[in-house]
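Hello,

Here is the structure you asked about. Please look it over, then read the notes below.

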Amino acid sequence: MSSLKFIKLSAGGHMPSVGLGTFMLNGNIARETVDKALFLGYKHIDTALSYGNEVEIGEVIKDRENLGKVKRKDIFLTSKVPSVYLERKDLYRSIEQSLDNLKQKYVDLMLIHHPWGLVNRGDGTLRPVDSQGRLEFQQYDLVDSWRGMEDAKADGLVKAIGLSNFTMRQIEKIMSSCKSTPTNLQLECHAYLQQRNIKEFCNQRGITLTAYGPLGAPGRPSHHRSPDQVELLDDPVIEELAKNHNRTKGNILLRWLLQQGFTVVPKCKSEERLKENLNVFDFELSSSDMDKINTLDRNLKYFHFRQYKGHPDFSEEEEF
Ligand SMILES: NC(=O)c1ccc[n+]([C@@H]2O[C@H](COP(=O)([O-])OP(=O)(O)OC[C@H]3O[C@@H](n4cnc5c(N)ncnc54)[C@H](OP(=O)(O)O)[C@@H]3O)[C@@H](O)[C@H]2O)c1
């Protein structure tokens, strides 16, 4: 299958299949990068309340709108509700907070960032930790959390709602108890973590998939690193395919996901890479190229989230 520039969503509308990831882009760097991305033709921006950059992203979009350089309806904005706001009423307020930060009347897609709830201290703390530095867990009724998402959608705050980092069991539970199906699941996915079971599960249910860490997240924070980890961008098969196609390794990794119907949200700062990551629609991997990459799967999670070990809704054994 050749990749599409837009993915059709079950909630209606279309999602551009390449977006800009903005995790760890903050302050002026966020502003400049998003501005460059919109200038270069990006139409999809992926953020989250916890990334601390919604305000800058909102400012850039408004500035470009005011200058007549962009129309809001042509941009697809995704944000996420953090783990401290999984109580139904808090979830609604979190979405209002994101809209306020972004200076928007609506976002195109709102996701629950993680199913692993944390204590809401009521003071805006998004990462509550105890005196020993351990995260303060709280279990929420995720079906009720989803109803909060449905409330926000019914009131027009969001066009579509989805999940991130949820297991198939957790998604199934929501689907069997609630009116609506999640439109999109955002999950770590790349050639070293191919997520075939979740992909099949979501395909069967009309849930579209967005791959985060599509390049193997080489810039991930230190708590997600271990010394023995191999880096995806160093893989010799990817290097060989890049040479054969006269493309970059990043192009090959993104194209492999796009040809399977994924949406991808690579993050980068430089203009050169912003262009490179968008330049993935004028070549095609053959089925034998695809097969070569398919054999690279090694179930390697770069974002292991081990700090949630012991949380009742977190399990390293279950795929997410
Ligand atoms: N839902 C979730 O829980 C979750 C978790 C993680 C990430 N995400 C989302 O997914 C986005 C992408 O994930 P990610 O940022 O962790 O990983 P990624 O996109 O796989 O990797 C980003 C890193 O790769 C570098 N890079 C970008 N383009 C490149 C290219 N063409 N060749 C070589 N290196 C390149 C970037 O460098 P420079 O920045 O130096 O240019 C950055 O260090 C995030 O920004 C965020 O929006 C969501």
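Predicted model: local features only at pLDDT ≥ 70, side-chain atom pairs only at ≥ 80, totals over all residues.

A side-chain N or O atom of Gln186 lies 3.0 Å from a nitrogen atom of the ligand. This is a polar contact, meaning a pair of N or O atoms within 3.5 Å. Residues are numbered from 1 along each chain as its sequence is written, and side-chain values use heavy atoms, without hydrogens and water.

An N or O atom in the backbone of Phe23 is 3.0 Å from a ligand oxygen atom. For the backbone of Lys269, the distance to an oxygen atom of the ligand is 2.9 Å. Alone, the ligand exposes 910 Å², and the protein buries 91% of that (Shrake-Rupley method, 1.4 Å probe).

Next, the shell. The ligand is surrounded by 29 residues (a heavy atom within 4 Å). Asp46, Ser164, Leu215, Lys267 and Glu276 are the closest. Helix H9, residues 271–278, gives the most, with three residues (helices are DSSP runs of at least four residues, strands of at least two).

Now the sheet. Eight strands form an open sheet with parallel pairing, in the order E3-E4-E5-E6-E7-E8-E9-E10 (strands pair if DSSP finds at least two bridges between them). E3 (20–21) and E10 (263–264) are the edges; each has a single partner strand, so one side of each lacks a neighbour in the sheet. E8 (184–188) and E9 (208–212) pair over five bridges. Leu187 stands opposite Ala211 in E9.

Best wishes

Notes
Polar contact = N/O pair within 3.5 Å; in protein donor to acceptor, adjacent residues only side chain to side chain.
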